[in-house]
Structure formats: C-alpha cells, structure tokens
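The structure comes first, then my notes.

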Amino acid sequence: MVPRPPLQQEKNNAKSMPVPAQLQQLKIANQGPHPAQPAVQQQQQLTSGPAQKKDKTSVTTTSAGTGRAEPVRLLLSDQGICWTEDEVQKEDWVAGKGDQKKNAVFGQLPRFQDGDFVVYQSNTILRYLGRKHGLSGSNEQESTIIEMINDGVEDLRQKYYIFLFLQNEENKEKYLQDLNTQLGYFERILSKNSNGSKFLVGDKVSYADYNLLDTLQCHLDLAPTCLSSHLLLSGYVERILNRPKVDAYLKSDGRKRRPITPKHK
Ligand SMILES: N[C@@H](CCC(=O)N[C@@H](CS)C(=O)NCC(=O)O)C(=O)O
C-alpha cells in the first residue's frame with residue numbers, strides 16, 4: 001500500500017483520542033487494494049479514524065503471529081470486507097494489563113467485533129461469518145459436511161499447535177509421518193468433489209476452505225514439501241492463493257508483519 005500523509009481529520013483524531021498502550025488499533029485495511037474493490041471503500045477505511053462502534057469490524061489478537069485469527073483474516077480479505085486489527089501487546093496480555101483478558105469469554109483471543117456484536121472462539125467466528133456472507137453451503141447437507149470438515153481442520157490444527165509449542169524437533173519425523181496420513185484425508189475429500197478441481201464442498205468457497213488453507217500454509221512453513229505427494233491439495237492451495245484478494249492480502253504490510261510460526265523463526 002502506498003503511504004500517504006495523514007489527513008486533517010486523522011490528525012484531529014490522533015490528538016483527541018489517545019490509544020491505550022496495551023491496545024494498538026491499527027487503522028488500516030488489511031488487504032491490499034484490488035481492482036474489484038471500490039476505491040471509495042478503501043479510502044473511507046483509511047480516512048475515517050477509529051470506526052464508530054456500530055460500523056466497526058475488527059479482529060483482536062496478540063501480536064505474536066498469524067495464529068487462530070488468520071482464517072478469519074483470509075475470509076474477510078477474500079470477501080472484500082475491511083477490518084481493523086486491535087492488537088494487544090503480548091507482554092501486556094501475559095501480565096493481565098487492561099481489560100481484554102478479563103472481558104474475554106474464556107480468557108482467550110481472538111475476539112471478533114461486528115458492529116455491536118462481539119464474539120470469541122475462532123471457529124465460531126468462522127461459522128458466524130460463513131452464515132452471514134453465504135459461505136456455509138447451499139443446503140442443509142452441504143452446511144453439515146462443511147461443519148464436519150471444519151472440525152477435521154480443527155483436529156489437525158490442534159496437533160500442529162501441540163507439536164509446535166509442546167513437543168520438540170526430535171519428534172518432527174514422526175509428526176510429519178502422521179501429517180501425511182492426515183493430509184491424505186483432505187486429499188480424499190477433495191477428490192470426491194468435482195475431482196478436486198473446486199473447493200471442499202460444492203461450487204463455492206466456504207469458511208472451511210479458509211481454515212484449511214491457513215492450516216496447510218502453517219504446515220508448508222514447517223515442511224515445504226509436505227504436499228508433494230498430495231497433488232489435489234497442492235493444486236487447491238495454489239488456486240486459492242491465486243484468488244486476487246487473497247493474493248493482495250498475503251502481500252500486504254499487515255500480513256507480512258505477522259510470522260506464521262513465531263517460535264520457529
Ligand atoms: N478455542 C479457542 C482457542 C484460543 C486460544 O488458544 N487462544 C490463545 C492465542 S492463539 C490465547 O488466547 N492464549 C493466551 C491465553 O490463554 O492466555 C479459539 O479457537 O479461539
């Protein structure tokens with residue numbers, strides 16, 4: 001994104017509204033500009049200062065890395081929905097400074113705000129956005145299959161976090177062997193829908209696709225060749241990464257400042 005000097009309105013906002021140290025609101029659209037997105041929407045997002053509560057769409061996380069909010073960011077970007085990042089500094093979160101932890105329903109992030117509505121739990125946020133934006137199947141059966149697959153993605157994500165944060169590099173070989181089996185399940189799911197040429201379910205992208213894409217990206221970061229024997233999955237990842245708004249988001253400054261696996265970098 002090309003930087004531009006602050007407008008007078010922003011200077012006024014900056015003077016009148018000090019940002020609490022533990023909560024840095026990044027007043028940016030997190031996706032790069034894209035021809036399909038009306039320029040005026042970008043402009044409003046960049047110039048309106050802190051959004052009014054009723055209009056605000058935001059994701060709150062600690063600044064540690066992509067984490068559990070990333071599938072939400074991928075969904076928002078690809079759907080052309082602007083949001084702000086309300087970032088809690090890791091040290092402040094750990095020290096329990098501010099109200100964020102106290103207010104969090106289960107004492108955890110991410111938090112998602114859609115106007116006056118606030119919700120926690122990353123998969124709940126995905127399902128909410130899926131229903132709201134028509135990304136959760138076109139009939140009851142599709143919706144249920146999407147939920148089932150998303151639960152499978154969650155299982156894989158859990159294994160990944162356990163490996164990443166609780167186990168050590170000595171277990172990597174065993175982890176990657178099991179990963180191959182897990183990836184085989186997703187390969188088979190893809191093969192049953194239009195021979196793997198589309199999405200997980202039906203003809204339309206769903207919230208589970210964004211969740212799987214992120215989980216696969218995490219694994220590619222850990223083991224760059226992990227998809228080499230899963231040709232449908234490789235093609236699927238490439239196709240979704242090539243969606244213009246996903247591509248623009250992944251190249252954006254907001255995305256680049258968040259590593260995928262902070263502990264390993
Ligand atoms: N099931 C929750 C798990 C959330 C979670 O583990 N959040 C971590 C960060 S990724 C967290 O807030 N950890 C800090 C803490 O528990 O104090 C979800 O999917 O949102």
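For the class counts I take Ala, Val, Leu, Ile, Met, Phe, Trp, Tyr, Cys and Pro as nonpolar, Asp, Glu, Lys and Arg as charged, and the others, Gly among them, as polar. I also note that this is a predicted model.

**Ligand shell**

I looked up the residues around the ligand. They are Gly 67, Arg 68, Gly 107, Gln 108, Leu 109, Pro 110, Gln 121, Ser 122 and Asn 123. I sorted this shell by class and got two nonpolar, six polar and one charged residues.

**H3 against H6**

Next I took helix H3 (residues 70-78) and helix H6 (residues 122-132). H3 and H6 pack at an angle of about 15°, and their axes are 9 Å apart. Angles under 35 degrees count as roughly parallel, so H3 is roughly parallel to H6. The crossing of H3 past H6 is left-handed. From H3, the contact uses Pro 71, Val 72 and Leu 75; from H6, it uses Ser 122, Ile 125, Leu 126 and Leu 129. I find six nonpolar residues there, one polar and no charged ones.

**Burial of H6**

Which residues of H6 are buried? I list Ser 122, Ile 125, Leu 126, Arg 127, Leu 129 and Gly 130. Their cover includes H3, strand E4 (111-114), strand E5 (117-120), helix H7 (140-166) and H9. I also see Ser 122 among the residues around the ligand. After H6 comes Gly 134, with a positive phi near 70°.

**H3 against H9**

I then turned to helix H9 (residues 207-222). H3 and H9 pack at about 125°, with axes 8 Å apart. That angle makes H3 oblique to H9. H3 passes H9 in a right-handed crossing. On the H3 side I note Glu 70, Pro 71, Leu 74 and Leu 75; on the H9 side, Tyr 207, Tyr 210, Asn 211, Leu 213 and Asp 214. By class, this contact has six nonpolar, one polar and two charged residues.

**H7 against H9**

What angle do H7 and H9 pack at? I read about 20°, with the axes 9 Å apart. This makes H7 roughly parallel to H9. Their crossing is left-handed. H7 brings Ile 146, Ile 149, Asn 150, Val 153, Leu 156, Arg 157 and Tyr 160. They meet Tyr 207, Ala 208, Asn 211, Leu 212, Thr 215, Cys 218 and His 219 in H9. I sort the contact of H7 with H9 into nine nonpolar, four polar and one charged.

Conventions
Residues are numbered from 1 along each chain as its sequence is written. This is a predicted model: local features need pLDDT of at least 70, side-chain atom pairs count only at pLDDT 80 or more; totals for chains, interfaces and linings use all residues. A residue is near a molecule or strand if its C-beta atom, placed from the backbone, lies within 6 Å of it. Axes are lines fitted to C-alpha atoms, for helices over the stretch in contact, and angles run from 0 to 180 degrees between N-to-C directions. Helices (H or I, at least four residues) and strands (E, at least two) are DSSP runs, numbered from the N terminus. Angles under 35 degrees count as roughly parallel, over 145 as roughly antiparallel, 65 to 115 as roughly perpendicular and the rest as oblique. A crossing is left-handed if the near helix is turned anticlockwise from the far one by less than a right angle, and right-handed if clockwise. Two residues are in contact if their C-beta atoms, placed from the backbone, lie within 7 Å. A residue is buried if 20 or more other C-beta atoms lie within 10 Å of its own, exposed if 12 or fewer, and partly exposed in between; C-beta atoms are placed from the backbone.
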